Amino acid sequence: MIKKLLLVMFMLTLTLAWAGCGGLPKSAVAEVDGKVITREDLDRAIEDLKGQYGESLPKSDTPEYTELQKQVAERLVNEEILWFEAEKMNLGVTDDEINGQTEQYKEQSGGEESFNQKLQENNTTLDRLKDQVRKSLLFQKIYPEVTKDAPPVTDEQALKHYNKSPDQFKKPETRNVRHILVADEATALQVKARLDAGEDFAALAKELSTDPGSKDKGGLYENLPTGNSGMVPEFENAAKALGAGQTSGPVKSSFGFHIIRVDSITPAGVQTFDEVKEDLKQGLAMENQRTAFEAWFEEIKKLYADKIEYAEEFKPTPTTATTATTPTTATQAQPTP
């Protein structure tokens, strides 16, 4: 009698647990062909996004945050569809592949301690990172398989695009700039005096400069845009004021003191078709691949239409619902330690 009572209570507990919206478990955000996506899955995915985008994400308890939850829920649904399809294609990711990628992250981070610090900064854990790595690697196998028959781009098609979009191929004025970075003004003045006496700029840069990015190249930064060069403002402004062949006096910045020389100036203009042809063809081919993938995914989603169920509060907004999971959305939650 007691066993029977316990069994009844157990079945009642199961019934209550699954008495969510539309027959979903109470903790479910959505279900795809029997695979439940939980609120924990959703919260974790949003936490991963916070690790990447921080304050730029909407604040909780706002309509924008509610919309973000819906979009992330749909992304998780789309990902599950992809993993189902990957199984059908006999594609998979091994533990060795996941561990290998994780070890690369550790090396890029500068070792175990730095790697763990990066995980904390990204508000994630090693297990979550490995799960994201698995998804990313799997997508890298699915995408080329699906898009392998995307049409190639001919020279004629590339030329037509080039002629149709001339503004796309404008190039700004650029400069080949050298500099020697030292710690103090007195040393900078000594460097300038040696240059004025005829010593070679590149040789002095290799001898004296403390800038690891250019020291071994004789202080050279090639093809820097005259404006928006990415250099600190003091450097950029000083280089902009020099003509070809001219050398500055000491220029102070947060890094120290620079002696700057402009080797040459290339005027603004338009890149020729031959200069951009290969990159243009590659970019257009990537567009063809994306189009092929999105078309494939639209057809695949139709097969799952009656196998997807969302909890009411997480149903995608019709006007903003995504139609496909692209390389960006499939891997956007992946932190980069």
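With a relative accessibility of 9%, S253 counts as buried (buried means under 20% relative accessible area, exposed over 50% and partly exposed in between, using a 1.4 Å probe and protein chains only). Keep in mind that this is a predicted model, where local features need pLDDT of at least 70, side-chain atom pairs count only at pLDDT 80 or more, and totals for chains, interfaces and linings use all residues. Residues are numbered from 1 along each chain as its sequence is written, and side-chain values use heavy atoms, with hydrogens and water left out.

**Around S253**
- Setting aside neighbours within four places in sequence, S253 touches V232, E234 and H258 (contact means heavy atoms within 4.5 Å).

**A three-stranded sheet**
- Three strands make an open sheet in the order β2-β1-β9, with antiparallel pairing (two strands pair if DSSP finds at least two bridges between them).
- β2 (35–38) and β9 (308–310) sit at the edges with a single partner strand each, so one side of each has no neighbour in the sheet.
- From one strand to the next, the twist averages 15 degrees (axes are lines fitted to C-alpha atoms, for helices over the stretch in contact, and angles run from 0 to 180 degrees between N-to-C directions).
- Strand β1 (residues 28–32) pairs with β9 in the antiparallel sense over three bridges, and E31 has E309 in β9 as its bridge partner.

**Helices on the sheet**
- Helix α2 (residues 39–53) packs on the sheet and touches β1 and β2, with its direction at about 55 degrees to that of β2.
- Helix α3 (residues 63–88) lies across β1, β2 and β9, and runs at about 30 degrees to β1.

**Rings and charges**
- You'll find nine aromatic pairs in the structure (rings of Phe, Tyr and Trp, the last by its six-membered ring, pair if their centres lie within 6.5 Å; planes under 30 degrees apart are stacked, over 60 edge-to-face, and the rest tilted).
- W296 and F297 make a tilted pair, 6.2 Å centre to centre with 50 degrees between the planes.
- F297 is buried, at 0% relative accessibility.
- Ring pairs tie F139, Y143, F293, W296 and F297 into a cluster.
- K217 has its charged end over the ring of Y221, 5.9 Å from the centre (NZ of Lys or CZ of Arg must be within 6 Å of the ring centre and within 35 degrees of the ring normal).
- K307 has its charged end over the ring of Y304, 5.5 Å from the centre.

How values were computed. Helix = DSSP H or I, 4+ residues; strand = E, 2+ residues; numbered from the N terminus.
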